[in-house]
Amino acid sequence: GGPFEWLHGVLTSSGDATSLRSTALIAARLAPLVRGLPRGCAFVASHSLVALTVALANVTQNLVNLVIDNHPQWFVVSPRALNLVQGPRNYLGFLAKTDGADESTLRLAGHWIPKDILDAIDD
């Protein structure tokens with residue numbers, strides 16, 4: 001959080017190529033931090049910056065990226081990852097942007113809801 005999170009938000013607010021570039025540059029700086037992970041471990045990332053960091057560190061082939069946004073923007077997906085999206089609109093939006101290129105890295109997973117919220121719903 002703090003100033004770093006604010007700066008990252010400013011750099012990625014447009015959702016364009018600058019957002020992707022700035023996220024990739026930050027991830028490249030962070031990649032050495034995860035290179036100490038056991039090779040081949042499974043990794044689930046809840047933010048695209050984390051997924052991109054792990055992808056650039058090249059420590060696993062078992063990377064899942066939980067796509068954080070319901071608007072298809074390229075900086076929220078990660079190469080070398082299975083990118084799970086929450087809604088059909090987002091999924092179809094990404095498929096349209098790929099123009100058929102490597103659709104195997106994108107899956108519609110449905111919405112994920114925190115367990116405490118789900119448990120609070122009356123039957």
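This is a predicted model: local features need pLDDT of at least 70, side-chain atom pairs count only at pLDDT 80 or more; totals for chains, interfaces and linings use all residues.
The place of each charge is taken as NZ of Lys, CZ of Arg, CG of Asp or CD of Glu. On that basis, the protein chain before you carries 9 positive and 10 negative side chains, and the centres of the two sets are 14 Å apart.

Residues are numbered from 1 along each chain as its sequence is written, and side-chain values use heavy atoms, with hydrogens and water left out.

Let me begin with the overall fold. The chain has five helices and four strands; these are DSSP runs, with helices (H or I) of at least four residues and strands (E) of at least two, numbered from the N terminus. Their order along the sequence is α-α-β-α-β-β-α-β-α. The C-alpha trace spans about 45 × 35 × 35 Å along its principal axes. The radius of gyration, taken over C-alpha atoms, is compared with a globule rule of 2.2 Å times the number of residues to the power 0.38. For 123 residues a compact globule would have a value near 14 Å, and the chain, at 15 Å, agrees with this.

Of the 123 residues, 35% count as buried, where buried means under 20% relative accessible area, exposed over 50%, and partly exposed in between (1.4 Å probe, protein chains only).

I turn now to helix H3. How many of the ten residues of H3 are buried? Eight of them are, so this helix, residues 48-57, is largely enclosed by the rest of the structure. The buried set consists of Ser48, Leu49, Ala51, Leu52, Thr53, Val54, Ala55 and Ala57. These residues pack against helix H1 (2-12), helix H2 (17-34), strand S1 (43-45) and S2, contact meaning heavy atoms within 4.5 Å. After H3 comes asparagine 58, whose phi is positive, near 55°.

Leaving out residues up to four places away in sequence, serine 48 touches Asn65, Phe75, Val76 and Val77.

Serine 78 sits in the loop between strand S2 (63-66) and strand S3 (82-85). Is serine 78 buried or exposed? With a relative accessible area of 4%, serine 78 is buried. A polar atom of its side chain lies 3.4 Å from the backbone oxygen of alanine 51. Beyond residues up to four places away, the contacts of serine 78 are Ala51, Leu52, Ala55, Leu63, Asn65 and Asn83.

Leucine 25, in helix H2, is exposed, with a relative accessible area of 58%. Its C-alpha atom is 9.8 Å from that of leucine 52, which lies 27 residues away along the chain. Leucine 82, in strand S3, is partly exposed at 30%. Setting aside neighbours within four places in sequence, leucine 82 is in contact with Leu63, Val64, Asn65, Ser104, Thr105, Leu106 and Arg107.

Methods. A polar contact is a pair of N or O atoms within 3.5 Å; within protein, one must be able to donate a hydrogen and the other to accept it, and residues adjacent in sequence count only if both atoms are side-chain atoms. Lys and Arg count as positive and Asp and Glu as negative; His and the chain ends are not counted.
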